[in-house]
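Hi,

Here is the structure I promised to pass on. Have a look first, and my notes follow below.

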Number of protein chains: 2
Amino acid sequence: MSQTPPERDDTDAWLPEVQPETYGISPELVRSVSEALESGRQAEARDLAAELHEADLADLLESLDRDERPQLIEALGGDFDLEVLTYLDDSVREEVVEALEPKHIASSLSDLNSDDAVDIIEDLDEEAQQRVLAALPQAERMVLEESLSFPEDSAGRIMQRELLAVPSSWTVGETIDYMRASKDLPDDFYDLYIVDPKHQPIGYVPLSRAMRTRRPVLLTEIMNEDMRTIPIHMDQEEVAYVFRQYGLVSAPVVDDAGRLVGAVTVDDVVHIIDEEAEEDLLKLAGVQETDLYSAVLDTTKARFTWLLVNLFTAVAASVVIALFEDTLERIVALAVLMPIVASMGGNAGTQTLTVAVRAIAMRDLGSGNALRFVGKEILVGLVNGLMFAVVAGVVAWAWFDMPSIGLIIAAAMVINLVVAALSGALVPLGLEKVGVDPAVASSVVLTTVTDVIGFFAFLGLATLFLL
Amino acid sequence: MSQTPPERDDTDAWLPEVQPETYGISPELVRSVSEALESGRQAEARDLAAELHEADLADLLESLDRDERPQLIEALGGDFDLEVLTYLDDSVREEVVEALEPKHIASSLSDLNSDDAVDIIEDLDEEAQQRVLAALPQAERMVLEESLSFPEDSAGRIMQRELLAVPSSWTVGETIDYMRASKDLPDDFYDLYIVDPKHQPIGYVPLSRAMRTRRPVLLTEIMNEDMRTIPIHMDQEEVAYVFRQYGLVSAPVVDDAGRLVGAVTVDDVVHIIDEEAEEDLLKLAGVQETDLYSAVLDTTKARFTWLLVNLFTAVAASVVIALFEDTLERIVALAVLMPIVASMGGNAGTQTLTVAVRAIAMRDLGSGNALRFVGKEILVGLVNGLMFAVVAGVVAWAWFDMPSIGLIIAAAMVINLVVAALSGALVPLGLEKVGVDPAVASSVVLTTVTDVIGFFAFLGLATLFLL
């Protein structure tokens, strides 16, 4: 099926094996650049870094020590391409921007697509932002200021203004001629949009289709009307959903009046998908955002709150244990065994919880199938509860030579694993329902429930039947 | 900066507000289809489903009950587009394929790009696969069989064979003429590849660039030589890395001799990115893969192993507690407080662990900056350890009116939070080093460490100083 025009010759049996390519930067490169900077060999550092792809240069900057970063920027001088900034982690980006001349920023910003330019200046502090904006030509400043007026994480922020919109009366030939004459098209684009006289998009033509159509054909004859437009206020998470769901490479953004004002491209969406996935993962563990490059104190502060909440839940569990001090004093074996029930509940509940949080984020779980999901999880919890009841019961019986303690841990295990399944499913669904991000709060609520119920069921049953 | 040719008129102040679009399927639609199927109104169900985008129809099938899915397939009959299968979850896909006629599959498979065709048949069981392949024309069968011969999750599996490769002697005009004449190009593509006489790619031209260049210009004059080729055996995770790192929309795939054999496009990569992110998230919680649509017993079995491992670690913690039975018998307050230290260690360690697992997966953490990362995490653990030592110490002192128990919980807290940071950082780095997926095993190892050290430090210090 491969499209291979003639002039091909693949009879070279003596052809050398091609080495598998390696991408990204090597630890050796980082070391070499670092050494060159430390010993003042600026030219050597520049030569090592100058040929790198912008994304790799960004990785190199992130890998260097804090004091080496401005040195490398200085060594690169005018060769430093601002696009590198779009690949940098927020905290490193700020450092790098501080090391750059505002004039350099302003003059290079014009070469970027508007979405990249916004990406760079939106994270600057107020004062730096004003300085950079003031140094820009008025037309560009206005475009950027308008983009910045949209809420963070909205389509208005991530779209690029540069796009190709043509009137519905045009033919393929006219469009090609227009493209050849125009000097101000976006760097790369994949679809062209057809607009009506009100500048509302009525369809799109993928470039590959336009290119293989003869010149006299009208664009409206080959356009795809089944188009997914993005309202300018749509949240970026929603934008990512639309791209992912319909396998888009680009989509038109429309304002409140339905007029075409920009385009979102898939490369931005890949970043968003990464960000959202990372957020869910980190939030479940109580980390606000990637803090790989943050300072120790910032990281400590950000994690403190979550740990404090966890301390309260741990104390709540202790309060439950304290209810049974008399029982524990008489049968110390209970103190030895009690963490098992709580820990198994926490782990089983986390399994359910994680599946639910991910499925909600991917929109595979909603009110339509919530009941079925909860029912299934309870069954899974019950079956696993029964199996682990047997295992834990036998272990406890054998260990302390008390059949009764085996029966009690078994009963507590079934109760806690069913409760764990129920709360692992209901907590994220409930939080989503009331508008709280399930990834943030679910696991604290869950482990509180499984600890409290775990200790209460085990020690409570023991108090009832062993004393 | 927007490219807007004339013929625009945006003075319509009376223009109605455009309703924000909603994408995806609604619970109401699922209910309507379900009711139509249940009461035998096949035509109604077909009408409701027929106009849906393939991705939405896939969601609809996933949302239906198990017995309704084949009914809907039957209702849709010949209208059922096989592309829907590429959007389905594995377990649902198998059900749907079973409900389809092998002939229908074989005849529709030819309309798909080769990567989608492979995607569909690779998950069928051996017998169904053979039946479908046997029904295909020989040329297509051979292409698919070759693709299937590459390891799962390799570039050879996810690439499409259809692409546009042109010799280096061609001009833009010749290429456009060739595209207009050719009937067998891929559906959509974004780059065209220039190959040398050995069919090795030497550069690429984005379609948008080709289209705005005048006909007599040679492709080699406008091609981009800075090209990221994908070796056919490259793992899909690596492919996703290359796309993400360099913001690609498509990349050429080469065989061992460096010849162009296919292309990977960004829509496939978005799926891979989702899959990999999901895997990391679920594995950390001990879930093998999305089991939202799996049967209860499959889910129970898949989660059992992880819980069994956790039972061993919980028993290990109990063994540590058992060492201090005498101490616990004398001071029952210790039993009340001991879960606090263990739980805080587990939570703090999980924070570090999650950051490390994500950073390793995103290649932000490696041998180059591992030492700095571990150092920073220890510091964070120490600072948070000291703060929570104060909080927990005061709580314990006030609760049991024993200053000594406050001091002991404080000391144990510092020890456990530093150990948690150290193991949260070292466990995933070590597992990665020895070739074990850090997402799978890290959290079990970590919680074992924090439980054991937590109980040992707290009860051990109490035994030393309180008895």
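In chain A, three strands make an open sheet of mixed pairing, ordered β4-β5-β6 (strands are DSSP runs of E with at least two residues, helices runs of H or I with at least four, numbered from the N terminus; two strands pair if DSSP finds at least two bridges between them). Strand β5 (residues 250–254) of chain A is antiparallel to β6(A), with five bridges, and Val254(A) has Leu260(A) as its bridge partner.

The model is predicted: local features need pLDDT of at least 70 and side-chain atom pairs pLDDT 80 or more, while totals for chains, interfaces and linings use all residues. Residues count from 1 along each chain as its sequence is written, and chains are lettered from A and ligands numbered from 1 in the order written.

Over in chain B, helix α6 (residues 90–99) buries Val92(B), Arg93(B), Val96(B) and Val97(B) (buried means 20 or more other C-beta atoms within 10 Å of the residue's own, with C-beta atoms placed from the backbone). Because they span an arc of only 135° around the axis, they sit on the same side of α6(B) (the arc is taken over directions from the helix axis to the C-beta atoms).

Best wishes

Methods
Buried ≥ 20, exposed ≤ 12 C-beta atoms within 10 Å, placed from the backbone.
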